[in-house]
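Welcome! Take a moment to look over the model below, and then let us walk through it together, from the whole chain down to single residues.

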2 protein chains.
Amino acid sequence: MKNLNDAKQIYWNPLVETLPLEKLKALQLKKFKRILKWAYERSRFHRRLYDEAGLKPEDIKVYEDVTKVPKVEKSMMRDIQRKDPFPYGDALCVPLEEVTEFRQTSGTTGTPVYQPDTWQDWEWWSEAWAYLLYAQGYRKTDRVFIPFGYNIFVAFWAGHYAAEKIGCEVIPGGVLDTEARILKIQELRATAMMATPTYVLGMADTAKKKLGIDPSKDLTIRKITCAGEPGASIPSTKKRMEEAWGAKVYDHVGATEIGAWGFECTAQPGGIHINEALFLTQLEDVETGEIIEEPGRTGKIVITALDRIAQPCIRFDSKDLAQWAEEPCPCGRTFRLLKGGVIGRADDITKVKGVLLSPSAIEEVVHGIKGLGNEFEVIVTKKGDLDDITLKIEILPEAEGNRESILTQLRDQLRLKTNLGYNIEVHPYNSLPRYEVKAKRFKDLRGKP
Amino acid sequence: MKNLNDAKQIYWNPLVETLPLEKLKALQLKKFKRILKWAYERSRFHRRLYDEAGLKPEDIKVYEDVTKVPKVEKSMMRDIQRKDPFPYGDALCVPLEEVTEFRQTSGTTGTPVYQPDTWQDWEWWSEAWAYLLYAQGYRKTDRVFIPFGYNIFVAFWAGHYAAEKIGCEVIPGGVLDTEARILKIQELRATAMMATPTYVLGMADTAKKKLGIDPSKDLTIRKITCAGEPGASIPSTKKRMEEAWGAKVYDHVGATEIGAWGFECTAQPGGIHINEALFLTQLEDVETGEIIEEPGRTGKIVITALDRIAQPCIRFDSKDLAQWAEEPCPCGRTFRLLKGGVIGRADDITKVKGVLLSPSAIEEVVHGIKGLGNEFEVIVTKKGDLDDITLKIEILPEAEGNRESILTQLRDQLRLKTNLGYNIEVHPYNSLPRYEVKAKRFKDLRGKP
């Protein structure tokens with residue numbers, strides 16, 4: 001183990017971030033038992049769930065017992081909410097008056113789920129973000145600009161509080177428009193930023209086209225923390241962002257119902273660390289449910305927030321797909337690495353023409369080809385009994401001369417990476433929809449079978 | 001003094017909020033000496049200012065000595081900023097890396113002033129707001145909706161943190177549009193809200209006209225905290241807001257450079273309390289500079305934030321005009337009352353036709369007449385050598401039948417309250433500009449003499 005004085009310069013919590021895995025797992029088991037008992041005793045929703053499975057909290061004795069605990073899905077939360085104690089219903093484990101924070105999921109996959117947090121939960125959110133921002137090099141000397149809507153979605157809220165906690169100077173970018181945000185970054189010489197990949201690229205575009213500002217030369221942003229979309233873990237998208245801003249771009253993963261559970265560190269190992277101090281995470285084979293411990297095999301992430309008390313997140317079926325990395329991270333953290341971050345969604349990797357298709361794979365291809373714009377759209381339809389995929393792209397005005405070569409590259413790469421053929425539609429530059437927050441680029445119009 | 005157990009139910013800080021005035025002044029003097037010494041020793045700006053006046057911190061011995069200390073005006077801050085330590089310049093009293101919060105003034109009266117705060121300052125902001133929200137009945141059982149842009153202006157930021165501190169459930173209304181905000185208030189049954197008077201009235205209008213929602217019947221907001229404009233201290237504007245929402249409406253006063261220094265309590269005494277625990281406030285005759293201790297005489301507020309450390313606010317010339325109230329407040333607080341809140345601005349009460357004119361007085365008249373819309377505009381111009389005042393108003397569609405009687409009332413009331421004659425222009429309903437935040441209703445186009 002490293003000298004603790006040196007470690008203090010690198011890790012937010014030197015002790016736990018370098019704890020051997022077996023000790024981390026022992027810590028997780030202890031906390032897991034505690035949160036399970038807490039939920040069982042305080043929430044009718046959880047008690048019903050565990051009673052129906054014939055499980056008592058005391059049945060969990062060793063780490064392997066964790067898988068006996070039934071999983072929770074987002075759809076189960078929807079059914080119990082909008083009831084007393086209003087509006088959270090039966091999953092709430094604290095008196096309503098202890099709730100200090102209301103947030104909700106974005107509703108992109110259905111009715112939004114409400115998320116109550118106590119003040120203790122909110123401090124825990126900031127703590128989770130403090131691990132990740134610190135791991136990405138945020139220090140008290142940083143001036144952090146946060147171009148974010150500050151509304152009912154949790155998004156960068158905890159990042160804001162964590163940056164304050166670390167001691168950064170925080171500039172909230174609330175309702176300002178994109179141009180005003182860029183000018184404020186320039187005026188105040190901000191050094192860091194948090195945004196979705198879509199918006200990071202969109203801002204660079206606006207800066208160049210509308211203000212004649214080249215972010216990589218004229219601005220001083222040198223690190224960017226992404227969230228909300230997989231982009232920062234997709235090498236070609238990350239490269240585009242890093243080149244546009246002259247900055248290091250880091251991924252972060254989390255969810256309203258779970259918390260900020262994973263992050264990329266400055267070693268940029270081509271993957272993300274799970275925060276094993278605050279979360280118990282398992283990879284599960286999508287077909288068999290078997291727990292995956294070895295690298296190179298894709299599984300679904302099932303995750304427990306070990307310290308979240310108002311509306312606990314126990315064995316949450318995240319639908320996120322990942323693989324363990326083969327090597328430990330050079331940064332020295334013992335927190336395990338997921339190779340390539342979240343590599344897909346169990347509910348969005350759909351079979352098209354009998355082949356598994358992930359929108360992330362298409363993004364990887366599109367953003368890897370010079371001359372293509374950042375925006376694209378994938379539309380899957382039925383032609384008779386056959387699936388049909390249309391990919392809409394834009395060619396940059398300055399690359400129009402290479403149109404044919406670009407399209408050939410695109411077709412080749414798509415065939416190679418996704419094993420599928422596409423109808424490619426070239427749309428005029430700037431005509432595809434632009435998104436401020438999460439992009440909606442994948443449309444499956446085949447209807448349910 | 002009341003029984004402390006009862007007092008705990010009413011006051012955020014029962015001890016200081018009921019301290020006799022002489023003890024409050026002793027506390028203020030002690031803190032004043034401390035902050036003066038702090039600024040003198042750490043800021044070149046302050047040292048220069050005091051050296052030029054031949055003043056040393058140790059010259060301040062008794063409360064009356066406070067007036068020996070030179071005043072600071074906003075314009076003086078502008079001159080020293082945008083320099084090293086960038087961008088705050090010579091007034092900064094802490095190392096730059098200790099700053100955790102950037103905010104700036106709105107710039108409605110010139111170049112914006114930057115305001116750095118340390119984390120200690122930020123906790124102090126929340127504490128000041130906690131006094132006021134608690135005095136207005138906010139408790140941990142409240143669900144507070146904050147329809148606010150969360151950007152570089154401090155506005156309701158500290159209110160957000162203070163509501164969390166008290167233990168309310170906070171719903172941040174960030175970039176949502178007005179209709180979405182109203183629907184979210186309804187969906188979640190929010191009980192309290194913070195907004196500018198202009199927006200409070202605008203929301204009610206949108207609710208009725210666009211959504212068919214009557215806030216006083218269909219929504220559950222029962223207290224509203226205003227800031228940013230004098231409206232909640234102008235009886236007719238307050239009445240309009242209270243009727244529209246079926247809620248108690250409370251005023252709060254503060255400024256980016258000062259802090260949240262004054263608030264109305266649930267006793268609604270027709271004025272605002274100064275937070276004498278955190279601020280030393282004096283009223284000064286605008287002409288002679290004499291300190292005013294007696295009620296019924298208008299003076300300019302000169303104010304010191306006693307605990308603000310990054311960019312201290314010592315003897316700040318606020319340009320706000322006020323009068324001490326004659327009676328203490330029935331709420332039992334010993335914090336002194338300003339009658340009618342801030343009653344004008346030393347730099348906006350201008351002479352028109354030789355008479356002192358305050359835009360607030362016009363607002364009081366317009367909002368007091370049934371049948372007039374909430375929006376209005378005052379434009380002062382020169383006709384030859386003579387001042388000319390145009391007042392633009394809107395008549396509500398349903399009141400068109402009473403047009404003549406409304407205009408007669410308006411003319412009479414204006415003559416009575418402002419001693420001036422106006423060209424009254426009736427504009428079609430909904431045609432005058434609407435403001436989301438601070439309204440800009442007064443335009444002086446006479447140019448400088």
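## The chain as a whole

Let us begin with burial: of the 449 residues in chain A, 57% are buried. Please keep in mind that this is a predicted model. The secondary structure of chain A consists of 13 helices and 22 strands.

How does the radius of gyration of chain A relate to that of a compact globule? For 449 residues, a compact globule would have a radius of gyration near 22 Å, and chain A agrees with this because its own value is 22 Å. Along the principal axes, a box of roughly 70 × 60 × 45 Å holds the C-alpha atoms of chain A. Among the contacts in chain A with a separation of 6 or more, 68% are between residues 24 or more positions apart.

## Surface and charge

Chain A exposes about 18,100 Å², and 52% of that area is supplied by carbon and sulfur atoms.

## Two copies

How is chain B related to chain A? A rotation of 180°, with 0.0 Å of shift along its axis, superposes chain B on chain A with an RMSD of 0.1 Å. This is the relation of a two-fold axis. The copies meet through the same surface, because 100% of the interface residues of chain B are also interface residues in chain A.

Now let us zoom in. A:I314 sits in the loop between β13 (299–305) and β14 (316–322) of chain A. Is A:I314 buried or exposed? With a relative accessible area of 1%, which is under the 20% cut-off, A:I314 is buried. The residues that A:I314 touches include A:F32, A:I35, A:L36, A:H46, A:Y50, A:V72 and A:I303. From A:I314 to A:I258 there are 56 residues in sequence, and their C-alpha atoms are 8.8 Å apart in space.

Our next stop, A:T118, belongs to strand β2 (residues 114–118) of chain A. A:T118 counts as buried, at 5% relative accessibility. Leaving aside residues up to four places away in sequence, A:T118 touches A:V94, A:E98, A:V99, A:T100, A:I309 and A:A310. A:D317 is 199 residues from A:T118 in sequence, and the C-alpha atoms of A:T118 and A:D317 are 23 Å apart in space.

## Backbone details in the loops

Which kind of peptide bond joins A:D84 and A:P85? The bond is cis, with omega at about -10°. A:P85 is part of the loop between α5 (74–80) and β1 (99–104) of chain A. In chain B, the peptide bond from B:D84 to B:P85 is cis too, with omega near -15°, and B:P85 lies in the loop between α5 (74–80) and β1 (99–104) of chain B.

Two loop residues of chain A are worth a look for their phi angles. A:Y150 has phi near 45°, a positive value in a residue other than glycine. A:Y150 is placed in the loop between β3 (143–146) and α7 (157–166) of chain A, and A:Y150 counts as buried at 0% relative accessibility. For A:Q268, phi is near 40°, again a positive value in a residue other than glycine. A:Q268 can be found in the loop between β9 (259–263) and β10 (271–274) of chain A.

How values were computed: Residues are numbered from 1 along each chain as its sequence is written. Chains are lettered from A and ligands numbered from 1 in the order in which they are written. This is a predicted model: local features need pLDDT of at least 70, side-chain atom pairs count only at pLDDT 80 or more; totals for chains, interfaces and linings use all residues. Side-chain values use heavy atoms; hydrogens and water are left out. Helices (H or I, at least four residues) and strands (E, at least two) are DSSP runs, numbered from the N terminus. The radius of gyration is taken over C-alpha atoms; the globule rule is 2.2 Å times the number of residues to the power 0.38. Buried means under 20% relative accessible area, exposed over 50%, partly exposed in between (1.4 Å probe, protein chains only). Contact means heavy atoms within 4.5 Å. Accessible areas come from the Shrake-Rupley method with a 1.4 Å probe; for residues, only the protein chains shown count as cover. Copies are superposed by least squares on the C-alpha atoms of residues with pLDDT of at least 70 in both.
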